[in-house]
Amino acid sequence: MSATGRTRNRAIRLTGFSVTECSTRCASSGGRARWYRNRWVRTPLFERGISFGDPSLPPIGPNNQSNVSCVYHAGRLLTSGEVGFPYEIDPETLSTLGVVDFDGKLRTSFTAHPKIDPETGWLHFFGYWFLPPYLTYHVADETGRIVHTEEIPVAKPTMIHSFAITERDVVFWELPVVFSLEAALAGAENPFSWQPDYGARIGILPLSGRAEDMRWVEIEPCYVFHEVNAYREGGEVVIDVCRHDAMFDGRDLGESGLDVRRWRIDTSDPELRFREEVVLDRKFELPSHDRRLTGRAHRYGWFVDSRDHPSTVELGGIGRIDYRTGELDFWEPGRSRHAGEAFFVPGGTGEGEGWLLTFVHDHVRNETVLAVLDAEHPSRGPVAEIVMPRRVPYGFHGVWVS
């Protein structure tokens, strides 16, 4: 994780929960932290100082918070929100270069969780929306040019936060969190609601496939924000997820049931056959994997622990699940300290050989550190902690640009 001469490694993530989010960047040399930088993503909402949901700036195109995640593809660092277009950020200065519509070919939203196929370098993503078409799948080649767009018919505007790919498939889960345009127009704080009667299903489509090739299988109502990864195992598609028993059903987020599950879908069955197993009955979320294995069989997943709290989400330590042995390796940072997403940075050629980066905030000392853990042994605690010059707000997802 050193940086010498012109070569710099950059940990870039989105932080905070305000109108438009900031990205952070830091560097080291000779084992010492040298500098730290953050910038606001300068969206129209930020420039005008207004909040999401203002009717003067409906959440289409550039009018989004760009606050959820970032991806580095085809030489461009992009930030994305839940809906709307992504923004390009200069990886050196973190200046906002502008909104990205893929030369006018993107006319829907850009997902918060695009996937890069590690073999082809192609970017797979989708957009969900509140008016038809409710779900659209896109593919951009290794140069960043959109080469495939396909509308996927669904009955209602459901909240689809993420999806997965294998080396052969695109996997969507359409779950019963449904958007109400009427509630949004009436100024509702949350226009999404839990509607289990709508049903829940998982769809499997060939990479760059057509809508008529989509195959769906019904499952019990639940909600999944994030998956660890997915892959093919013979005729089965295996998807590892963090599964909530419900979402936006009137309970606080911290009160919903949550555990780590493995979904299996037998695609050799003409009707598809679904089964699931509980991998770990623990409130783990914000999963990470070794992205060199996106869409391929993985052994490890890294998670953030969600502590029990009566009214909110309280994050805690970092855990690694070994899917081969079922073993959990866990680091508890202390009751007053709260880790964020543990982002994996390769440090060797084998899966899991590398480091975990996570911002850890101590609410007693009011101190934030960038903690560096051995990804193979997080329970041993940080190999380094870099004290930040200011509070880094709790945030979402990051990317490592080398």
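What share of the contacts in the protein with a separation of 6 or more comes from residues 24 or more positions apart? In this predicted model, such residues account for 51% of those contacts.

**Figure 1. Overall fold and dimensions of the predicted protein.** The protein contains two helices and 31 strands, and its C-alpha trace spans about 55 × 50 × 45 Å along the principal axes. Because a compact globule with 402 residues would have a radius of gyration near 21 Å, the value of 20 Å for the protein agrees with that expectation. Of the 402 residues, 56% count as buried, while the protein exposes about 17,000 Å², of which carbon and sulfur atoms supply 48%.

**Figure 2. Surroundings of Trp 173 in the largest nonpolar core.** This core holds 46 residues, among which Trp 173, Ile 239 and Trp 263 touch the most other members. When residues up to four places away in sequence are not counted, Trp 173 touches Ile 160, Ser 162, Phe 163, Ala 164, Arg 201, Ile 202, Val 224, Glu 227, Ile 239 and Trp 263. A second, separate core of 15 residues includes Tyr 300, Val 304, Val 360 and Ala 371.

**Figure 3. Glu 88, a buried residue with no salt bridge.** Glu 88 is found in strand β6, which covers residues 87-89. The nearest side chain of opposite charge, that of Arg 76, is 4.5 Å away from Glu 88, whereas a salt bridge would call for a side-chain nitrogen within 4 Å of a carboxyl oxygen. Leaving aside neighbours within four places in sequence, Glu 88 is in contact with Arg 76, Leu 77, Leu 78, Ser 95, Thr 96, Leu 97, Gly 98 and Val 100.

Methods. Residues are numbered from 1 along each chain as its sequence is written. This is a predicted model: local features need pLDDT of at least 70, side-chain atom pairs count only at pLDDT 80 or more; totals for chains, interfaces and linings use all residues. Side-chain values use heavy atoms; hydrogens and water are left out. Helices (H or I, at least four residues) and strands (E, at least two) are DSSP runs, numbered from the N terminus. Buried means under 20% relative accessible area, exposed over 50%, partly exposed in between (1.4 Å probe, protein chains only). Lys and Arg count as positive and Asp and Glu as negative; His and the chain ends are not counted. Contact means heavy atoms within 4.5 Å. A nonpolar core is a set of buried Ala, Val, Leu, Ile, Met, Phe, Trp, Tyr and Cys residues joined through side-chain atoms within 4.5 Å. The radius of gyration is taken over C-alpha atoms; the globule rule is 2.2 Å times the number of residues to the power 0.38. Accessible areas come from the Shrake-Rupley method with a 1.4 Å probe; for residues, only the protein chains shown count as cover.
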